[in-house]
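Subject: Structure for your files

Hello,

Please find the structure below, with the sequence alongside. My notes on it follow.

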Amino acid sequence: MDDKQIVDLYWARSENAISETSKKYGKYCHYIAGNILHNNEDSEECVNDTYLRAWEAMPPHRPEKLSAFLGKIVRNLALDRYKQHTAKKRGDGQVPIALDELQDCIPASDSATEGIDDFILIDIFNRFLAGLPAEKRKIFVRRYWYLSPIKEIANDYSISESKVKVTLLRIRNDLRQVLEKEGVSL
Amino acid sequence: MKEERMLKLIGQIDNEYIMEAVPGKKAAKKNVWLKWSAAAACLCLIAITAFMVFNWRTPAGDSYVDAGEGDALLDGDPNGYDPLPGGQLADNTEVSQQIPETLAPRTEYDTSPVYYSSLAFADGELNEEVLAFSESSMMDVKAFDEATLSQDHCYKIIEGTVVNLYVKHYTYDIYSDKFEKNGIMHSRTDTIVYEIAVDRTWYGEDISGDTILIEDTSYFTEPILAVKVGRRYVLPLYEYGESIWTLGHEYAGGDITRESRYSTIYPYHPQIAVTDDGSYLIPKDWSTLTAVNARDVIMDTLDEEYSYYQDKMCLVDADTFASQMSVLVSRIKYHDRYR
């Protein structure tokens, strides 16, 4: 079933909407939740919550890319859950490692603007990504959007792990420079 | 914490970037591999003879050439890679409703013809010595097709910028009976040497970041399409060897040590050139690379002498090129495996 038909089911308030979503995107959602939570039970709950959120969001929403729509929901839910679980102690999975890596992107604190608006930051991220060669952009998104392990990225793109690490390091440094140039302080 | 906020906000990037990096593409690639392996196995059973299976120009070979296009057009997924990444409009109407529209929505692929003069390339340089090169090396050569890659034992396919280009002169002696028994013949040969800063390896061990030398015994000299210093190209390479070939004669002295062990697999046609915006100008004899989303390039700047290439070049966008190259590479690997 194509995405448009699935979205139509949501709009028609048909319960098949969720089973069709699960059939087509269940694995995808589990992958994202699993990288963040590193726990099957938590991931399963997160994915079920995602279907519920999708049910509540459609209508009025009519996403053109259902996978990205669901992916964003499950990623947000999983990160929230991760935060709850690790309020005192960081957990397993890729999140703590990715967070350490992302420290490279944080501009020096004497930059001009404190507490910059989310919209502006997202806009900067998008413009930065638009300027990257596709291969580098994919590696960055796999690491920091999908939270994929380095080894898996290297395997999927047929490059060495060290190449993935070096590429990510360069992108993080470039991003930090862009943020500094824009006068951004997180 | 700041990095947590950053991780959270990265979650709101444009959908097209999320879609283009969807995991699991390798799995799809494996499926295609399996499909080809299965096809080969079936052919083995049906045709029995090794000739039918391993010869590129057998029916197996024909389906090989066509399948790239068919694979991409029929299931939209040549070798597991989306042939239309970003081909959909960015979806900003979903849960967050917060994502600003930062990129112009992409339209469907434009396959209308384009004039060569409208393409932008980095400034390129040639010198007279390089342009004059072909006069000493004119000969008849067979036409290129992608089977040549396997036949010539393709070693790597690289992409990079030419940083230097020069002619190297060799003078050496060989034993020859042409004028007298066991006489010594003084010989000279010229080669053309490219120095290339490699930033991408499409096939073979990754040498991205290295600067390498490539040494060819022939050169495509049409000034518009010839390889130039300062421009980016995609080049298929093979291992020529440490010394120039003395064509069956015994070596009798002089310099025959090459600058580079590597040569371009087919230096007799225009090499694949990369435009400023990352598209690829490709001769159509690369059948897989030009099978999908290719725009005809009208060579409105060619001299009459080279009008043969007037309608034999096309332009392919970066994402399609990457997809089709992965198809081609899997085929090279397939043929190498069963060589």
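I start with B:Asp317, which is buried, with a relative accessible area of 18%. Buried here means under 20% relative accessible area, exposed means over 50%, and partly exposed is in between, with a 1.4 Å probe and protein chains only. This is a predicted model, in which local features need pLDDT of at least 70 and side-chain atom pairs count only at pLDDT 80 or more, while totals for chains, interfaces and linings use all residues. Residues are numbered from 1 along each chain as its sequence is written, chains are lettered from A and ligands numbered from 1 in the order in which they are written, and side-chain values use heavy atoms, with hydrogens and water left out.

Surroundings of B:Asp317

B:Asp317 sits in the loop between strand 11 (313-316) and helix 8 (318-337) of chain B. Helices (H or I, at least four residues) and strands (E, at least two) are DSSP runs, numbered from the N terminus. Apart from neighbours within four places in sequence, the residues in contact with B:Asp317 are B:Tyr109, B:Ser279, B:Tyr280 and B:Asn293; contact means heavy atoms within 4.5 Å. For B:Asn293, the C-alpha to C-alpha distance to B:Asp317 is 7.7 Å, at a separation of 24 residues in sequence.

The side chain of B:Asp317 also makes a polar contact of 2.5 Å with the side chain of B:Thr320. A polar contact is a pair of N or O atoms within 3.5 Å; within protein, one must be able to donate a hydrogen and the other to accept it, and residues adjacent in sequence count only if both atoms are side-chain atoms. A polar atom of the B:Asp317 side chain lies 3.1 Å from the backbone nitrogen of B:Asp319.

Salt bridges

A salt bridge is a side-chain nitrogen of Lys or Arg within 4 Å of a carboxyl oxygen of Asp or Glu.

In chain A, A:Arg142 and A:Asp156 form a salt bridge, with their closest N and O atoms 3.1 Å apart. A:Arg142 is in helix 7 (residues 134-144) and A:Asp156 in helix 8 (residues 150-156) of chain A, so the pair ties together parts that are 14 residues apart in sequence. Both A:Arg142 and A:Asp156 are buried. Helix 7 of chain A is mostly covered, with 9 of its 11 residues buried; among them are A:Ile139, A:Phe140 and A:Val141.

In chain B, B:Glu259 forms a salt bridge with B:Lys168, the closest N and O atoms being 3.2 Å apart. B:Glu259 is in the loop between strand 6 (251-254) and strand 7 (262-264) of chain B, and B:Lys168 is in strand 2 (residues 156-176) of chain B, so this pair ties together parts that are 91 residues apart in sequence. B:Glu259 counts as partly exposed at 35% relative accessibility, whereas B:Lys168 counts as buried at 14%.

Another salt bridge, at 3.2 Å from N to O, joins the side chains of B:Lys312 and B:Asp311. B:Lys312 is partly exposed at 27%, and B:Asp311 is partly exposed at 48%.

Chain B overall

Chain B has 8 helices and 11 strands. It has 339 residues, of which 49% count as buried. Of the contacts in chain B with a separation of 6 or more, 73% are between residues 24 or more positions apart.

Regards
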